[in-house]
Amino acid sequence: MKKKIFTIILACSLLTGCGASKESNLGSYDNNSTEAITEASYIADNTETTASDEDGETETTTESENETAYEITYTNAQVQESYSGVMVDVIVEIENTGTSDLYLSNGACDLEDENGHLVSAMKSVPTYPNVISPGEKGYMYDTITLDNYSGDLELTVLPRPRVEKASIHKTRYEISDVSTNNNDWDRIDVIGRLTCTSDQVESVSYVAAIFYDADHTPIGISDTVIMEDLNPNDTIGFELSGITLPEGVNTDTVADYEIFAYPAQFQ
């Protein structure tokens, strides 16, 4: 009987001791238990990784949105009366503010008068050049005639450019031996040479000159299409006639210009 009682007492003592030991370990979880610290670090690492993953997703989304970011930095409709009606030269400057090359397709523009009324809905407005890198600028430019228009000559341009991430490699020809002069209509003409930098034969190429005034504001664009096979490293001459430029765009008012020459590129 004494042995049985002793056994019961011993069992109770062991149970009490286990409870005390467990309580002690809980109390020293953060400071003394290596296993506890390791587990806590694992949880912290997982939380940090998750946050990092979430941040990564956010950054990826932001980066994706920034790839095709652009800004309209200038618009103008220069209106002048002529024998054939009211001539309007429309120019839109588009800056690539994103992180990847952009492809500019022909866009559209609405012209409205000072009262907000639609005067013209321009479609398929040409762009120069088609591919621009981050920090570069491209231009929509076209000239239209408004028949029987007698309204205000101050028009507002509402551009709708077609911009997407470029899926083609940007190709630009080298330009050399450039000179300018005024033609019989007191507009600026350009003559020069281009060298094909493409690694293949190009059958259609474009040359465009953007003219700027003293404030580096674009005031006109001349362009031409070269329908001639160009082999890699071929050098040929080109001429840009300023006959269609707005009145007053000549060597006296043009402070600077930029010439783009490139093959026809589509995506």
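Biologist: How many bridges join strand 9 to strand 10?

Modeller: This is a predicted model, where local features need pLDDT of at least 70, side-chain atom pairs count only at pLDDT 80 or more, and totals for chains, interfaces and linings use all residues. Residues are numbered from 1 along each chain as its sequence is written, and side-chain values use heavy atoms, with hydrogens and water left out. Two strands pair if DSSP finds at least two bridges between them. Strand 9 and strand 10 run antiparallel, and the number of bridges joining them is 7.

Biologist: How many helices and strands does the protein have?

Modeller: Both kinds of element are DSSP runs, numbered from the N terminus: helices are H or I with at least four residues, strands are E with at least two. By that rule, the protein has 2 helices and 14 strands.

Biologist: Which residue of strand 10 is the bridge partner of Ser179?

Modeller: Look at strand 10 (residues 188-195), which also pairs with strand 13 in the antiparallel sense over 6 bridges. In that pairing, Glu239 of strand 13 stands opposite Ile191. The bridge partner of Ser179 is Ile191.

Biologist: How many residues of strand 10 are buried?

Modeller: Buried means under 20% relative accessible area, exposed means over 50%, and partly exposed lies in between (1.4 Å probe, protein chains only). Strand 10 is largely enclosed by the rest of the structure, because its buried residues number 6 of 8.

Biologist: Which residue takes a positive phi in the hairpin of strand 9 and strand 10?

Modeller: The hairpin has 5 residues between the strands. The positive phi is near 60°, and the residue is Asp186.

Biologist: What is the bridge partner of Phe211 in strand 14?

Modeller: Strand 11 (residues 205-212) and strand 14 pair in the antiparallel sense over 8 bridges. The partner of Phe211 is Tyr257.

Biologist: How many aromatic pairs does a search of the whole structure find?

Modeller: Rings of Phe, Tyr and Trp (its six-membered ring) pair if their centres lie within 6.5 Å; planes under 30 degrees apart count as stacked, over 60 as edge-to-face and the rest as tilted. The search finds aromatic pairs numbering 3.

Biologist: Which kind of pair do Tyr139 and Tyr212 form?

Modeller: Tyr139 lies in strand 7 and Tyr212 in strand 11, so the pair ties together parts that are 73 residues apart in sequence. Both residues are buried. The centres are 6.4 Å apart with 65° between the planes, and the pair is edge-to-face.

Biologist: Which kind of pair do Tyr206 and Tyr262 form?

Modeller: Tyr206 lies in strand 11 and Tyr262 in strand 14, so this pair ties together parts that are 56 residues apart in sequence. Tyr206 is partly exposed at 23% relative accessible area, while Tyr262 is buried at 3%. The ring centres are 5.8 Å apart and the planes are at 35°, so the pair is tilted.

Biologist: How far apart are the C-alpha atoms of Thr145 and Met87?

Modeller: Thr145 sits in strand 7 (residues 137-146). Contact means heavy atoms within 4.5 Å. Not counting residues up to four places away in sequence, Thr145 touches Ser84, Gly85, Val86 and Met87. Thr145 and Met87 are 58 residues apart along the chain, yet their C-alpha separation is 4.6 Å.

Biologist: With which side chain does the side chain of Glu67 make a polar contact?

Modeller: Glu67 is found in helix 2 (residues 34-67). A polar contact is a pair of N or O atoms within 3.5 Å; within protein, one must be able to donate a hydrogen and the other to accept it, and residues adjacent in sequence count only if both atoms are side-chain atoms. For Glu67 the distance is 3.3 Å, and the partner is Lys165.
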